[in-house]
Amino acid sequence: MLKELKTAIEKQQQVSVRTKDGKITVGLPRHSVEPERVKIYTENEVISIPLNEINHVMRIIGLPLK
């Protein structure tokens with residue numbers, strides 16, 4: 001899970017993150033000032049999520065159009 005977040009941050013890929021309470025957040029991940037959290041930049045807001053609350057991470061990889 002952490003590996004997927006790190007890869008998405010490095011490659012500037014969007015992610016879908018599901019937390020233990022069932023909430024799903026889609027956006028661009030960035031490192032947080034606090035090492036135990038990740039920031040997700042969504043279309044409308046920036047959400048800081050504790051890493052220990054994350055249940056599932058899915059990278060969203062866009063394919064180039066021909």
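Good morning. By a pocket I mean an open set of grid points where a 1.4 Å probe fits, with protein on both sides within 12 Å along at least five of seven lines. The model before you is predicted, and its largest pocket has a volume of about 160 Å³.

Which elements supply the lining of this pocket? At least two residues each come from α1 (2-11), β2 (24-31) and β3 (37-41). The largest share, 4 residues, belongs to α1. By class, the lining holds 6 nonpolar, 2 polar and 4 charged residues. Among the lining residues are Leu-2, Leu-5, Lys-6 and Ile-9, together with His-31, Val-38 and Leu-51.

Let me turn to the helix. The buried residues of α1 are Leu-5, Thr-7, Ala-8 and Ile-9; Leu-5 and Ile-9 also line the largest pocket. The cover over the buried residues of α1 includes β1 (14-19), β2, β3 and β5 (54-60). After α1 comes Gln-12, with a positive phi near 55°.

I now come to the strands. β1 and β2 pair in the antiparallel sense over 4 bridges, and Val-15 stands opposite Gly-27 in β2. These two strands form a hairpin with 4 residues between them, and in the turn Gly-22 has a positive phi of about 95°.

β2 also pairs with β3, again antiparallel and over 4 bridges, and the hairpin that joins β2 to β3 runs through 5 residues. Which residue of β3 is the bridge partner of His-31? The partner is Val-38, and both His-31 and Val-38 belong to the lining of the largest pocket. Thank you.

Notes: Residues numbered from 1 in each chain as written. Predicted model: local features only at pLDDT ≥ 70, side-chain atom pairs only at ≥ 80, totals over all residues. Heavy atoms only, no water. 1 Å grid on protein atoms, 1.4 Å probe; cavity = no way out; pocket = protein on both sides within 12 Å on 5 of 7 lines; lining within 4 Å. Points joined across faces, edges and corners; volume = space filled by probe spheres on them. Nonpolar A, V, L, I, M, F, W, Y, C, P; charged D, E, K, R; others polar. Buried < 20%, exposed > 50% of the residue type's maximum accessible area, 1.4 Å probe, protein only. Contact = heavy atoms within 4.5 Å. Pairing = 2+ DSSP bridges.
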